Amino acid sequence: MKLPTVELGLRRPLGIEQTVFNQPFWQGLSNGQFLLASCKNCSRRSFPPKAVCPGCHGEDFDWMPATGKGVIYSYTRIQTSPPIYELLTPSTLVVIDLEEDVRLLSRLLPNGNTGSVGLPCRLVITKHPDGVFFAAEII
């Protein structure tokens, strides 16, 4: 399933370390998919990508596309930040429970909606001059 894409003129908010293990995730994001690591031993899905399964300590994974749909589990509003992030402040960070039973942290796109526990949301691919990343939006 391809996720919606949002063009942003700013560089990505974080430095990205691409490794042999997480390369499929970043390639998937470049192709419009949010991929979750799925353990071949116990089928547990996890994010962020890890080399060892948090459930059974297995080391063999498949990559499965997520729908990107979920609900806000928790959120916080950031009012001040170091100078490197001042263009992104204020911003809202949300903890999302995805349909695939994975919980993750994301920035909420500023579209007039503020985070609220229980609100439905979806992940979107954000395109930046230096690559892709992801964020969430209220639906």
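**Burial and contacts in a predicted model**

In this predicted model, the largest nonpolar core has 23 residues, of which Leu29, Phe34, Phe47, Ile96, Leu104, Leu123 and Phe134 touch the most other members.

Q: Which elements each supply at least two residues of this core, and which gives the most?
A: Helix H1 (23-30) and strands S6 (91-98), S7 (103-108), S8 and S9 (131-138) each supply at least two. S9 gives the most, with five residues.

Q: Why is Thr126 called buried?
A: Buried means under 20% relative accessible area. Thr126 has a value of 1%, and is therefore buried. Thr126 lies in strand S8 (residues 120-128).

Q: What makes the pairing of the Thr126 and His128 side chains a polar contact?
A: The cut-off for such a pair of N or O atoms is 3.5 Å. The side chains of Thr126 and His128 are joined at 2.9 Å, so the pair is within that limit and counts as a polar contact.

Q: Which residues is Thr126 in contact with, leaving aside neighbours within four places in sequence?
A: Among them are Val6, Leu8, Leu109 and Phe134.

Q: How do you know that the buried residues of H1 line one face of the helix?
A: The buried residues in H1 are Phe25, Trp26, Gly28 and Leu29. Seen down the axis of H1, they fall within an arc of 160 degrees, so they line one face.

Q: What covers the buried residues of H1?
A: The cover includes strand S2 (35-39), strand S4 (61-65), S8 and S9.

Key
Residues numbered from 1 in each chain as written. Predicted model: local features only at pLDDT ≥ 70, side-chain atom pairs only at ≥ 80, totals over all residues. Heavy atoms only, no water. Helix = DSSP H or I, 4+ residues; strand = E, 2+ residues; numbered from the N terminus. Buried < 20%, exposed > 50% of the residue type's maximum accessible area, 1.4 Å probe, protein only. Polar contact = N/O pair within 3.5 Å; in protein donor to acceptor, adjacent residues only side chain to side chain. Contact = heavy atoms within 4.5 Å. Core = buried A, V, L, I, M, F, W, Y, C linked by side-chain atoms within 4.5 Å. Arc of directions from axis to C-beta.
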